[in-house]
Amino acid sequence: MREGLGVGIAQPEFVQEDLASGRLVAPFKQVVSTGRKHFLVCPARGRHAPAVARFFSWVQSGANAHRVTHEH
């Protein structure tokens with residue numbers, strides 16, 4: 001939607017930099033919480049792989065940072 005050609009629905013944390021810079025514009029101020037959760041899933045045989053552990057840690061640290069700075 002960055003090319004001025006459409007409308008999108010997104011989670012605020014995924015577009016906040018684009019909103020702050022003006023690349024995207026929120027037509028409405030209302031934010032609706034769905035109560036949905038996110039899950040990280042991988043095959044059981046790979047769940048202890050170092051790369052999977054690093055990725056999980058990276059995702060979790062980002063979620064924790066978002067929770068601390070944006071939940072009120």
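User: What do buried, exposed and partly exposed mean here?

Analyst: A residue is buried under 20% relative accessible area, exposed over 50%, and partly exposed in between, with a 1.4 Å probe and protein chains only. The model is a predicted one, in which local features need pLDDT of at least 70 and side-chain atom pairs count only at pLDDT 80 or more, while totals for chains, interfaces and linings use all residues. Residues are numbered from 1 along each chain as its sequence is written, and side-chain values use heavy atoms, with hydrogens and water left out.

User: Why is F55 called partly exposed?

Analyst: F55 has a relative accessibility of 41%, and this value falls between the limits of 20% and 50%, so F55 counts as partly exposed. F56 is also partly exposed, with a relative accessible area of 40%, whereas W58, at 59%, counts as exposed.

User: What makes F55 and W58 an aromatic pair, and why is the pair called tilted?

Analyst: Rings of Phe, Tyr and Trp (its six-membered ring) pair if their centres lie within 6.5 Å; planes under 30 degrees apart count as stacked, over 60 as edge-to-face, and the rest as tilted. The structure holds one aromatic pair. In that pair, the centres of F55 and W58 are 5.9 Å apart and the planes make an angle of 35°, so the pair is tilted.

User: How are F55 and W58 placed along helix α2?

Analyst: Because they are three residues apart in helix α2, F55 and W58 are separated by about one helical turn. Helix α2 covers residues 50–70 and also holds F56, where a helix is a DSSP run of H or I with at least four residues, and a strand is a run of E with at least two, numbered from the N terminus. The protein chain has two helices and zero strands.

User: How do you know that D18 and R23 form a salt bridge?

Analyst: A salt bridge needs a side-chain nitrogen of Lys or Arg within 4 Å of a carboxyl oxygen of Asp or Glu. The closest N and O atoms of D18 and R23 are 2.7 Å apart, so the two residues form a salt bridge. A search of the whole structure finds one salt bridge.

User: Why is V25 called exposed?

Analyst: V25 has a relative accessible area of 71%, which lies over the limit of 50%, so V25 is exposed. V25 lies in the loop between α1 (12–21) and α2.
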